[in-house]
Amino acid sequence: MVLTTLALLLPARAQERLLEPYLEKGQLAAGRVAVEQALQQQPGSDELRLQLALVQFFGAVEKLSQGMYRYGLHDSIFQEMIPFLRLPVKLNPNPEVASNLAIRQLLQQFLQGLAETSKTLALISDQSAVQVPLRLGRVRLDMDGDGSASSGEELWRVWASLNPGTSLNQENAGRFGVHLDVADVRWLEGYCSLLSALGETGLAYDTSRLFAHCGHLFFSRTDTPYAFLRTRSGEMGEIMDAVTFLHLLNFPLLEGPRLEVARQHLLRVISLSRRNWNCILAESDDRYEWIPSPKQRGVVPNTRVTPEMVTSWRAFLDESEAILQGRLLVPFWRSDERGRGVNLSKAFSQPQDFDAILWLQGTAATPYLEEGPITSVDFWRRLNSAFRGNFLGFALWFN
């Protein structure tokens, strides 16, 4: 309360760091109260509005992490396939029983947090002069829900777990900071839409059968009719579990409209990325940039953005938008003499049950095969070359 009271007496520009002390102590709830109270006094402050969005976003990540810890999330060879299960939570020695429904509810709660964050960010215009310094390496989250954020619960660990190639570590993370501006507002808004698209896609399908047979691969205690799956079964058991997991990557459609929502989120990611780069290229300063222009220095070590990358990224946005709108088709690897491609837009707007093996075989694509212009394989090769063979890595960063 003392910090909040003092903050209300300071000019708007001096409130750029109002939230930071709370983030470094892992006190998200108190930080949110402080920012909300300050924003009531200065409703026109984009600095305060961005800080509110930050605490909303970090709060959503924290709640998801706490839920995963509560249900005993542990390491699995399949975690790389499911982004929401890659959070670096420590092992819970006394977890609650995890069910398919409980995990769905956690994901839905996360989506609500992302929607709240996006709503706040959308109130900041592209012409805003917002400036918020933030030492990301010092932000802490109470990831196990024990009421305090320890030295092992820093935000940089979450980033490092989702981006294995990062050079962040215990020694240098404390010095890792950014100076957030309106370009970063659009970046975070876009990332919320990207994560929302992934979440909506996951919730569109019924994964209960997979969870009953393979939930133990991710959680220590699971609600399953096969109690023997909870006991260690040696190498043969692990092999058969892996085979079963792949075999059961076929899901009945449960909430089909969610897939169209996901497609709209992806289109919004593209729109926000265009606005993001317009803002980046219009900048004249060079201060601790999260994503730099070719004329700026970035805070991410050992990375450099070239003019060719920017041009290629914008071409990628155009190509991806055309694919999501159905104006371009995706190459079909078993294409017949008619040269048909897959209309990915229809796969979202007219979904069917999902079967990974049938998609690999090609037969699942049958309802979406059409004649028309197809995105060129050469385009994607040139794109990857422009990013020095690491397009995916840059794409996860650029968003």
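Start by selecting strands 4 and 5 (residues 341-342 for strand 5): two bridges join them, and they run antiparallel. Strands here are DSSP E runs of at least two residues, helices are H or I runs of at least four, both numbered from the N terminus, and two strands pair if DSSP finds at least two bridges between them. What you have open is a predicted model, where local features need pLDDT of at least 70 and side-chain atom pairs count only at pLDDT 80 or more, while totals for chains, interfaces and linings use all residues. Residues are numbered from 1 along each chain as its sequence is written, and side-chain values use heavy atoms, leaving out hydrogens and water.

Click on Val-330 next: opposite it stands Val-342 in strand 5.

Then jump to Phe-58. Along with Phe-219, Phe-58 touches the most other members of the largest nonpolar core, which has 103 residues. Such a core is a set of buried Ala, Val, Leu, Ile, Met, Phe, Trp, Tyr and Cys residues joined through side-chain atoms within 4.5 Å; buried means under 20% relative accessible area (1.4 Å probe, protein chains only). Leaving aside neighbours within four places in sequence, the contacts of Phe-58 (heavy atoms within 4.5 Å) include Leu-23, Leu-134 and Val-139.

Last stop: select helix 5 (residues 100-121) and helix 7 (residues 182-203), whose axes lie 9 Å apart.

Note on methods:
Buried < 20%, exposed > 50% of the residue type's maximum accessible area, 1.4 Å probe, protein only. Axes fitted to C-alpha atoms, helices over the stretch in contact; angles between N-to-C directions.
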